[in-house]
Amino acid sequence: TEFSLAYLAKAVGCSPGYLSRTFSAQEGVTIREYVRKLRISRAAEILTAGNLNISETALEVGYKSLSHFSKAFLTEKGVLPSEFRKRV
């Protein structure tokens with residue numbers, strides 16, 4: 001499920017700007033970065049378990065594009081998903 005900043009702000013009863021600033025100040029990362037970390041962490045767990053291939057894993061954690069997934073995985077883990085999988 002995609003969650004926009006406006007959707008999240010409305011859900012918690014504040015403005016998008018306030019939510020963004022407050023979240024970043026508290027967590028040290030943007031909401032987008034935080035969600036990416038969660039998704040890639042879950043993807044790493046799935047790849048370690050070996051039940052799904054890389055494309056299936058990308059879809060499972062909410063990426064529609066394999067190239068975007070690979071780029072996000074590289075950003076978070078320092079290796080591409082294919083390299084990560086070889087190591088486990």
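The model is predicted. Four aromatic pairs are counted in it. Tyr-34, Val-35 and Leu-38 make a nonpolar surface patch. Glu-60 is an exposed residue in helix 4.

**Aromatic rings**
- A pair of aromatic rings is described by two things: the distance of the centres and the angle of the planes.
- The count of aromatic pairs comes to four.
- One aromatic cluster is formed by Tyr-63, Phe-69, Phe-73 and Phe-84.
- Tyr-63 belongs to this cluster, and its ring also has a charge over it.
- That charge is the charged end of Arg-39, which sits 4.8 Å from the centre of the Tyr-63 ring.

**Surface patch and Leu-38**
- The nonpolar patch covers about 250 Å².
- Its members are Tyr-34, Val-35 and Leu-38.
- Leu-38 lies in helix 3, which spans residues 31–49.
- The relative accessible area of Leu-38 is 49%.
- Leu-38 is therefore partly exposed, because exposed means over 50% and buried means under 20%.

**Glu-60**
- Glu-60 is found in helix 4, made of residues 54–60.
- Its relative accessibility is 53%.
- Glu-60 therefore counts as exposed, because the cut-off is over 50%.
- Leaving out residues up to four places away in sequence, Glu-60 touches Ile-46 and Leu-52.
- Thr-30 is 30 residues from Glu-60 in sequence.
- In space, the C-alpha atoms of Glu-60 and Thr-30 are 23 Å apart.

Terms used:
Residues numbered from 1 in each chain as written. Predicted model: local features only at pLDDT ≥ 70, side-chain atom pairs only at ≥ 80, totals over all residues. Heavy atoms only, no water. Phe/Tyr/Trp six-rings, centres within 6.5 Å; stacked < 30°, edge-to-face > 60°. Lys NZ or Arg CZ within 6 Å of the ring centre and 35° of its normal. Patch = residues over 30% accessible without salt bridge, like charges linked within 9 Å, V, L, I, M, F, W, Y side chains within 5 Å. Areas by Shrake-Rupley, 256 points an atom, 1.4 Å probe, with all protein chains shown as cover. Salt bridge = Lys/Arg side-chain N within 4 Å of Asp/Glu carboxyl O. Helix = DSSP H or I, 4+ residues; strand = E, 2+ residues; numbered from the N terminus. Buried < 20%, exposed > 50% of the residue type's maximum accessible area, 1.4 Å probe, protein only. Contact = heavy atoms within 4.5 Å.
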